[in-house]
Amino acid sequence: DPTAPTHAGLYGPQVLPERRRIDRRPGRSDLDDPRLTAIVEAALGALFGEAGGDEAGIALFALGSLGACDVRAGSDLDIVPVIGDGGDPQAGVVAVRQLIDLASRAGVGQVDARLRGEGGGAPLVQTIGRYRRYFAGRASLWELVAFTRCRFVCGRAATGAAFATALPGMLDIDRFRPGLADRFRGERRRLESLAAGPRDVKHAPGGLYDIHFIAAGARLLVD
C-alpha cells in the first residue's frame, strides 16, 4: 500500500524492488506468494539491526508460520529472542521492544514474542542455559511441538548457531512417556476445539495442524 506509513531504513535496497514484483497473475495474491516470507524476514532483519539487536548480542529465532516459511498476509510474526549464556538479557530488551514497535508502525506485521519459554509473563530475552533448564523440566508437549519450527532469522550469528545446535537436544520427548501417543492426540484435539467450523483449514480435522503434528512428531522421535 503506497499510502501506508513507512520507516526510513526499513527495507534494504534489494527488498523494496522485490516487494513491488509480487506475482500479479490472475488468481494470485499476496496471500499465497512464496516470496512473502523472504520479504518479511529481510525487513525484520533490517529493523532489528536498526533497533540495536546485533550490538546487544541477541539472536532472533522464528516460530509459527514465520518459522515454517509460510507467512501470509495478516500472519502474526512469532519470535524468540535468545542471548548467549554470558550475555545480559536485559540489555536486549530495549532492542526487541523497539523492533516490535517499528515493525508495527512500518506495516511489516504484528511481531509476537509470547511463544518464548514460559510465555508472555517470562523475561522477554532469555539465555540458552535458561531454555535448556526450561525444556528439561517445565516445558509442555505443545511447546516441544512448536519449537520444531524454530529457526534463526537474524541478529548475532554466533549466538544463533549455538542455540540452533543445542535445541534438538533440548527437545527431549522421552519425558512424556508413557502415553505419548495419547498426549499427542490430546494436544491435537485441543486445537480442533478452536476451529471456527469444518472449513477452518488450520484447526479443523484434516487441516494444517495435522500436517504440523505429523512432521513435528517425526522430527522429535528421530532427533
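This report describes a predicted model of a protein chain, going from its overall layout to its strands, cores, surface and salt bridges.

## Overall layout

The secondary structure of the protein chain comes to 9 helices and 5 strands. Read from the N terminus, the elements follow the order α-α-β-α-β-α-β-β-α-α-β-α-α-α.

Of the chain's 223 residues, 44% count as buried. Among contacts between residues at least 6 apart in sequence, 68% join residues at least 24 apart. The chain exposes about 11,400 Å², and carbon and sulfur atoms supply 55% of this area.

Strand E2 covers residues 77-83. It is largely enclosed by the rest of the structure, because 7 of its 7 residues are buried. In a regular strand the side chains alternate between the two faces of the sheet. In E2, Leu77, Ile79, Pro81 and Ile83 point one way, while Asp78, Val80 and Val82 point the other way. The residues on both sides are buried.

E2 pairs with E1 through 5 bridges, and these two strands run antiparallel. Within E2, isoleucine 83 stands opposite isoleucine 58. E2 is also joined to strand E3, residues 111-112, by 2 bridges, and here the strands run parallel. Valine 111 in E3 is the bridge partner of leucine 77.

## Nonpolar cores

In soluble globular proteins, nonpolar side chains tend to be buried together. In this model the largest nonpolar core has 29 residues. The members that touch the most others are Tyr131, Phe135, Phe147, Phe163, Leu167, Met170 and Phe184. Two strands, E1 (58-62) and E2 (77-83), each supply at least two residues of this core. So do the helices H5 (128-137), H6 (141-147), H7 (157-170), H8 (180-192) and H9 (208-222). A second, separate core has 28 residues, including Ile83, Val96, Leu102 and Val153.

Methionine 170 gives a local view of the largest core, being one of the members that touch the most others. Leaving aside neighbours within four places in sequence, methionine 170 is in contact with Ile128, Tyr131, Arg132, Phe135 and Phe163.

## A nonpolar patch on the surface

Some nonpolar residues lie on the surface: Val201, Leu208 and Ile211 form a patch there. Together they have about 290 Å² of accessible area. Isoleucine 211 belongs to helix H9. Its relative accessible area is 54%, so isoleucine 211 is exposed, the cut-off being over 50%.

Arginine 175 lies in the loop between H7 and H8. With a relative accessible area of 30%, arginine 175 is partly exposed. Which residues does arginine 175 touch, not counting those up to four places away in sequence? They are Phe135, Ala136, Gly137, Arg138, Ala139 and Ser140. Glycine 137 is 38 residues from arginine 175 in sequence, yet the C-alpha atoms of the two are 8.7 Å apart in space.

The side chains of aspartate 174 and arginine 177 meet in a salt bridge, at 2.9 Å from N to O. Aspartate 174 is partly exposed at 46% relative accessibility, and arginine 177 is partly exposed at 44%.

## Other salt bridges

The count of salt bridges comes to 10. One of them joins glutamate 118 to arginine 138, with the closest N and O atoms 3.1 Å apart. Glutamate 118 lies in the loop between E3 and strand E4 (126-127), and arginine 138 in the loop between H5 and H6, so the pair ties together parts that are 20 residues apart in sequence. Glutamate 118 is partly exposed, with a relative accessible area of 35%. Arginine 138 is partly exposed as well, with a value of 47%. Glu118 and Arg138 are also linked with Arg130 in a network of salt bridges.

Another salt bridge joins aspartate 70 to arginine 72, where the closest N and O atoms are 3.5 Å apart. Aspartate 70 is partly exposed at 32% relative accessible area, and arginine 72 is partly exposed at 40%.

Definitions and conventions:
Residues numbered from 1 in each chain as written. Predicted model: local features only at pLDDT ≥ 70, side-chain atom pairs only at ≥ 80, totals over all residues. Heavy atoms only, no water. Core = buried A, V, L, I, M, F, W, Y, C linked by side-chain atoms within 4.5 Å. Buried < 20%, exposed > 50% of the residue type's maximum accessible area, 1.4 Å probe, protein only. Helix = DSSP H or I, 4+ residues; strand = E, 2+ residues; numbered from the N terminus. Contact = heavy atoms within 4.5 Å. Patch = residues over 30% accessible without salt bridge, like charges linked within 9 Å, V, L, I, M, F, W, Y side chains within 5 Å. Areas by Shrake-Rupley, 256 points an atom, 1.4 Å probe, with all protein chains shown as cover. Salt bridge = Lys/Arg side-chain N within 4 Å of Asp/Glu carboxyl O. Pairing = 2+ DSSP bridges.
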